[in-house]
Amino acid sequence: MLKEELIKRIVENVLQGRRNKDDEGIEEDYVGEPGVAELVQEALDNGIDTNTILLEALSKGMKQVGEKYETGEYFIPDMLTAAEAVEAGMKVMEPHLASAGESERKGKVIMATVEKDLHDIGKNLVSIMLKGAGFNVVDLGIDVPAARIAEAAEQEKADLVGLSALLNTTMVNMEDVVKELENKGLRDKVKVIIGGAPTSDDFAAEIGADGYGKDAFAAIRVAENLLQSGGKN
Amino acid sequence: MSERGVVVAKPYERLSQEQVELVHQTSLDLLETPGILCYNEEAVALLEKAGATAKKTREGEHDAWWVSIPEKVVQKALDSAPTKVTLGARKPENQVVMDAEGSRVYFGTGSETNYWLEVEPETFVSKQDGREQVFPVTKKNRGSLEYLCRSAHLAEQLDNLDFFLRNVNVQDSDISGENKDVNVFFAALNYTTKPIVSGVADPEQLENVVAMAEIITGGREQLIKNPIVTFITSVIKSPLQIVDETADKLMAISKLGLPVIISTSPQGGSTAPIEEFGMAAQVNAETLAGIAINQLANPGAPVIYGAVPVRARMDDLHDMYGVPEFCHYNMICAQMARYYKVPCYSTAGVADAKVPGVQAAVEKMFTYTAVPSSAPDLIHYAFGLLDKTQTFCPEQAVLENHQIAMVKSLYRESGVEAGEAGRIKSMIEEVMNSPYRLYARFARKMLRRGEIFPGFPFEGDLEEEDQTLLAAHDKLKELEKQEPEHLSEDICKRIFEQIPGLLPRLNPYKK
């Protein structure tokens with residue numbers, strides 16, 4: 001298949017939210033056809049470089065998905081499945097990216113729901129969307145102690161920590177994470193963004209976080225802005 | 001088959017089969033004793049010929065007859081009344097196809113309101129902090145032909161509206177008793193391609209209205225096949241009285257073979273018993289009496305069981321709609337009509353509240369949720385009625401278009417089918433084995449098929465203000481910009497040449 005055709009089909013399958021050949025698309029008759037993972041592999045086999053695949057296929061597809069969301073044609077499930085498809089493509093590219101020094105990734109993010117909070121939907125949405133947007137995400141899961149989050153940030157050389165909480169009683173634990181990062185001397189290297197129903201811009205400022213995302217899309221924008229404005233190591 | 005309306009999965013049955021039969025038998029007993037008080041001699045003659053007995057009396061200045069109707073007369077009428085009735089439409093795809101053995105429910109406008117409520121946004125300045133805020137301000141205007149045309153045009157645009165029952169009482173200075181009917185029907189027919197339903201105020205005008213409809217459809221035979229006009233006759237004056245002039249209209253329409261709704265609107269607590277059993281027995285007897293006259297005049301003529309039972313308000317004896325008793329009455333009537341296999345005309349969506357707002361929304365959504373659950377064929381009085389049935393507000397109608405969308409979604413089939421079990425299990429298994437355990441991927445197909453309700457769309461985005469009515473106002477303005485689908489120039493020309501009494505200002509092609 002020609003390079004242009006492969007790139008076009010990767011974009012199309014991102015729009016359809018298809019990770020691999022077994023996935024359905026939004027439209028009919030896609031099952032059995034190559035999905036993003038197979039097409040990215042084929043692109044690599046054909047010598048197309050990872051930067052081109054990332055920018056001209058995966059990122060371009062996600063950009064179109066975002067535009068369709070803005071116009072009301074696409075909804076959250078479409079965004080999430082498209083992000084999953086991008087992530088499937090990124091996984092195929094992973095070995096090649098590692099050898100290239102991860103230069104194509106936008107940054108590394110540690111995601112966690114803070115201690116004593118078991119809610120993960122919001123955190124998962126942000127994780128998926130961050131991956132779809134080209135971030136390298138390490139998701140620590142739910143009920144994660146502050147010390148563990150700071151430790152992971154140090155080990156992974158993270159650029160950003162994303163914290164989630166759904167409860168008034170657990171949101172206070174977000175401040176502990178900021179303090180732990182300070183104690184480890186990481187605070188000038190690692191940005192912190194928070195989200196979750198009870199949180200707000202004001203609360204983020206109060207606990208010394210760098211940003212607040214009122215939803216998954218806002219979180220992506222905040223993450224991109226923070227890292228572009230000098231937060232990235 | 002019509003795709004309009006909604007098929008209610010498993011209609012709610014308020015009464016058991018034994019209770020249905022008990023209401024039926026009690027109604028039959030009432031039709032024999034005390035019988036009905038009939039003011040129309042021709043109707044009395046028809047009933048007597050069929051086996052009823054009549055005894056002449058005098059009610060004030062009028063002759064009247066106590067008519068005792070035996071069961072066999074009612075049964076014969078029910079036997080000949082059709083189970084399927086179609087409300088025709090200028091566009092065939094807009095036809096309302098009723099089947100009393102099915103459970104498809106259609107929604108339409110109703111009443112003949114004296115007032116039209118205008119909504120206009122106005123900017124106010126807060127005394128507290130000097131902040132400017134926009135609030136909707138309402139103004140009541142007398143009903144007019146212009147408002148009727150705007151209503152019919154709006155009816156065409158509202159996707160959940162299935163039939164247009166003239167909703168505004170035209171009170172223009174150039175409208176009189178003699179020319180009202182032709183102008184009302186023309187205005188409605190010229191602004192919507194959906195079925196038209198209306199009463200006829202002047203019996204003399206029935207002929208002209210039918211002639212107008214025949215010009216549009218291409219003749220009597222075509223009109224019978226596609227009856228673009230359906231009539232309502234309020235032939236009953238509760239309790240249990242047959243009105244003279246309306247009985248004439250009922251029999252005339254029946255002989256024409258055009259669909260007619262037998263409308264009776266007893267008020268629980270004043271003109272009917274307030275308890276369900278008493279109300280049900282009486283309103284059912286009244287409707288059966290109307291159907292009997294209709295079928296005796298022309299066996300097999302399309303007829304609709306039109307019970308509009310309401311409850312009296314206890315502080316002023318006005319009608320009251322947004323209350324549980326109203327729903328109980330109407331749900332029972334829908335069940336009775338299904339028992340008789342005659343299509344049913346029912347009621348929901350009227351607010352007792354005078355203006356749009358929280359009270360109106362509560363009352364409307366309450367009856368919209370309850371009454372359609374019993375699957376009457378037609379729901380009238382939907383879309384925009386306020387202050388009982390005195391006021392029509394187009395913004396309110398826009399809001400209700402989406403409330404009805406919610407109701408339609410509420411009563412659809414559940415989709416729990418044996419053939420689906422494998423797919424459901426494998427979906428859950430796949431998600432359980434995925435990293436984030438999210439079902440979003442699998443929601444997309446239903447979303448694309450329109451099977452996931454998108455939410456009520458008038459919330460607005462300000463956190464401290466209710467913008468619902470303002471948003472509905474904006475939507476109304478957008479809908480009103482759509483070009484009306486008028487009758488053709490040739491049809492209009494022939495109508496204006498042949499039908500007397502039409503006001504030239506209604507002709508869209510008049511220079």
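**A strand and its surroundings**

Strand β4 of chain A, residues 191-195, is mostly covered, with five of its five residues buried. This is a predicted model, and the description that follows rests on computed values.

In a regular strand, side chains alternate between the two faces of the sheet. In β4(A), Lys191(A), Ile193(A) and Gly195(A) point one way, while Val192(A) and Ile194(A) point the other way. The residues on both sides are all buried. Buried here means that 20 or more other C-beta atoms lie within 10 Å of the residue's own.

Which strands pair with β4(A)? One is strand β3 of chain A, residues 160-164, which pairs with β4(A) in the parallel sense over five bridges. Gly162(A) is the residue that stands opposite Ile193(A) of β4(A). Another is strand β5 of chain A, residues 211-212, which runs parallel to β4(A) and is joined to it by two bridges. Here Ile193(A) has Gly211(A) of β5(A) as its bridge partner.

Helix α9 of chain A, residues 201-207, makes a right-handed β-α-β unit together with β4(A) and β5(A).

**Chain B as a whole**

Chain B holds 16 helices and 23 strands. Along its principal axes, the C-alpha trace of chain B spans about 80 × 60 × 50 Å. A compact globule of 511 residues would have a radius of gyration near 24 Å, and chain B agrees with this because its own value is 24 Å. Buried residues make up 49% of the 511 residues in chain B. Among contacts in chain B with a separation of 6 or more, 74% are between residues 24 or more positions apart.

Helix α13 of chain B, residues 421-432, has 12 residues. From its first C-alpha to its last, α13(B) reaches 17 Å, close to the 16 Å expected at 1.5 Å a residue. Is this helix buried or in the open? The number of buried residues among the 12 of α13(B) is zero, so the helix lies largely in the open.

**Where the chains touch**

The contact between the chains takes eight residues from chain B and 10 residues from chain A. On the side of chain B that touches chain A, five residues are nonpolar, none is polar and three are charged.

Notes
Residues numbered from 1 in each chain as written. Chains lettered and ligands numbered in written order. Predicted model: local features only at pLDDT ≥ 70, side-chain atom pairs only at ≥ 80, totals over all residues. Helix = DSSP H or I, 4+ residues; strand = E, 2+ residues; numbered from the N terminus. Rg over C-alpha atoms; globule rule 2.2 N^0.38 Å. Contact = placed C-beta atoms within 7 Å. Nonpolar A, V, L, I, M, F, W, Y, C, P; charged D, E, K, R; others polar. Pairing = 2+ DSSP bridges. Right-handed = clockwise from strand over helix to strand, strands pointing away. Expected span 1.5 Å × (residues − 1).
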